[in-house]
Amino acid sequence: MRGPQWLDDGMPHIWLPYTQMQTVLPPLPAVRTSGCDIHLADGRVLTDGIASWWTACHGYNHPHIREAVSAQLARMPHVMFGGLVHEPALTLATRLAAILPGDLERVFFTDSGSVAVEVAIKIAIQYWINRGVSGRNRLVAFRGGYHGDTLATMAVCDPEEGMHALFSGVLPQHYIVDLPRDEASLAALETLLSESGDEIAAILVEPLIQGAGGMLFHGPDVLQRLRTLADRYGVLLILDEIFTGFGRTGTMFACEQAGIVPDIMTLSKALTAGTMPLAATVTRSHVFAAFLSDNPLHALMHGPTFMANPLACACANASLDLFAAEPRLQQVAQISAQMTDELAACRNLPHVRDVRVMGAVGVVELDAIADMNRLKAALVALGVWVRPFRTIIYLTPAFTIHPDELSRLTSAITQVIRDGAAG
């Protein structure tokens, strides 16, 4: 079946993400979304199991968010954030400061998660410069971690997982080590901080779940150890909650499960419920204080053109309204219980290495996926939109998904593994 004309005309001119364009299979043309569904140009409807890269936490086209965008569009779609401010951004910053743990109270808005982490790195390094401490320009990050695709963020991702291996010779050098899951890894990290602490600005970690690095889980105790070590050796702690923030792990923010407060936190993805690009880097008061000075060089010299876009901030405020008015965390708990029950059937299937669930994240890890294109096609044939990567098939559905829709997703995963579509 021929695609729509815009597909035929446009494909020779588009460059797709994470894609070898020489061998890419034709992408599916989406024309509409509703609830947890993606409608294709040929009339097929796919149940979305990953909420458009983990963003659409309230489902697609939620009327409250749509109305907020429409109202803001009529008033002011955009105005520069240099020398001007506006109500949507200041209201959003106030609301974030109120719901974030501890004294995370200063919000710097950007356009994407990668840039939010870039800003966090920049803040962490300049924090020490502004305080008159030289040489603290390296970070500690962790194997299995992923923090973005820009040059600075590539340098703090897992160097062995392959996504950014081509750039290893040109990236800044940081310490990439094992998470302190046990006594040996804890001792190794403490030795590193003890011996090299005078060149380390901060520790950077994804709390509870390392997302794009393989949906790798760790417990709250790991975060508690990191907070203790950061305090002991006088380095900053950055939590990358771009994936885990806004309910995905079962609490509004993953760090709440550990009872800790980072010095810097990054947010994006579900911040606007998947409606518009927006990200935030939020700091505690003592971090912000290091930038207050009569010296103009102590200012944070960063400012994206579309920083704090009013439309995006209106989306985020509307999303926070929904978290306040509707039982999202209860829905996450129900999703977690259902996925735990229904994905358990995969444990006894051939080539399944592990099945794990945390909050609204469900993962089936395989020994290998021999034919990724075949597996993706098999999932689409069953009417679901699920995007496996590396050796995992995972679900990160909207929190508003109906139990029947979730069962359609878990059944499809079970079926493709049972039928050998990954082999």
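I take contact to mean heavy atoms within 4.5 Å. I work on a predicted model, where local features need pLDDT of at least 70, side-chain atom pairs count only at pLDDT 80 or more, and totals for chains, interfaces and linings use all residues. Residues are numbered from 1 along each chain as its sequence is written, and side-chain values use heavy atoms, with hydrogens and water left out.

**Entry: Ala 422**

I looked up Ala 422 with its neighbours within four places in sequence set aside. Ala 422 is then in contact with Leu 366, Ala 368, Ile 369, Ala 370, Asp 371, Leu 375 and Val 416. Ala 422 sits in the segment after α13. Helices (H or I, at least four residues) and strands (E, at least two) are DSSP runs, numbered from the N terminus. Is Ala 422 buried or exposed? Ala 422 is buried, at a relative accessible area of 9%. Buried means under 20% relative accessible area, exposed over 50%, and partly exposed in between (1.4 Å probe, protein chains only). I also checked Ser 52: it is 370 residues from Ala 422 in sequence and 22 Å away in space, C-alpha to C-alpha.

**Entry: helix α13**

I then went back to the helix itself. α13 covers residues 403-418, 16 residues in total. From first C-alpha to last it reaches 22 Å, close to the 22 Å expected at 1.5 Å a residue. The expected span is 1.5 Å times one less than the number of residues. Buried residues in α13 include Leu 406, Leu 409, Ile 413 and Val 416. Gly 420 follows α13 and has a positive phi, near 80°.

**Entry: positive phi**

Most residues other than glycine have a negative phi. Trp 54 has phi near 75°. Trp 54 belongs to helix α2 (residues 51-54) and counts as buried at 8% relative accessibility. Phe 246 has phi near 65°. Phe 246 is in the loop between β10 (236-240) and β11 (264-267), and it is buried, with a relative accessible area of 2%.

**Entry: domains**

The chain is divided into domain 1 (5-61 + 327-419) and domain 2 (63-325). These bounds come from an automatic or database domain assignment. The two centres, taken over C-alpha atoms, are 26 Å apart. Domain 1 gives 26 residues to the contact and domain 2 gives 32 residues.

**Entry: Val 85**

Val 85 is in the loop between α3 (63-75) and α4 (87-99). Val 85 is exposed, at 57% relative accessibility. Pro 310 is 225 residues away along the chain, yet its C-alpha is 9.6 Å from that of Val 85.

On a 1 Å grid over the protein atoms alone, a cavity is a set of points where a 1.4 Å probe fits but cannot get out; a pocket is an open set with protein on both sides within 12 Å along at least five of seven lines; lining residues have an atom within 4 Å of a point. Points are joined across faces, edges and corners, and a volume is the space filled by probe spheres set on them.

How much space lies in the second largest pocket? I find about 370 Å³. Among its 14 lining residues, those closest to the centre are Arg 106, Phe 108, Phe 288, Phe 291 and Leu 300. β4 gives four residues, the largest share of the lining.

The whole structure has one cavity of 30 Å³ or more. Its lining includes Gly 35, Cys 36, Asp 48 and Tyr 60.
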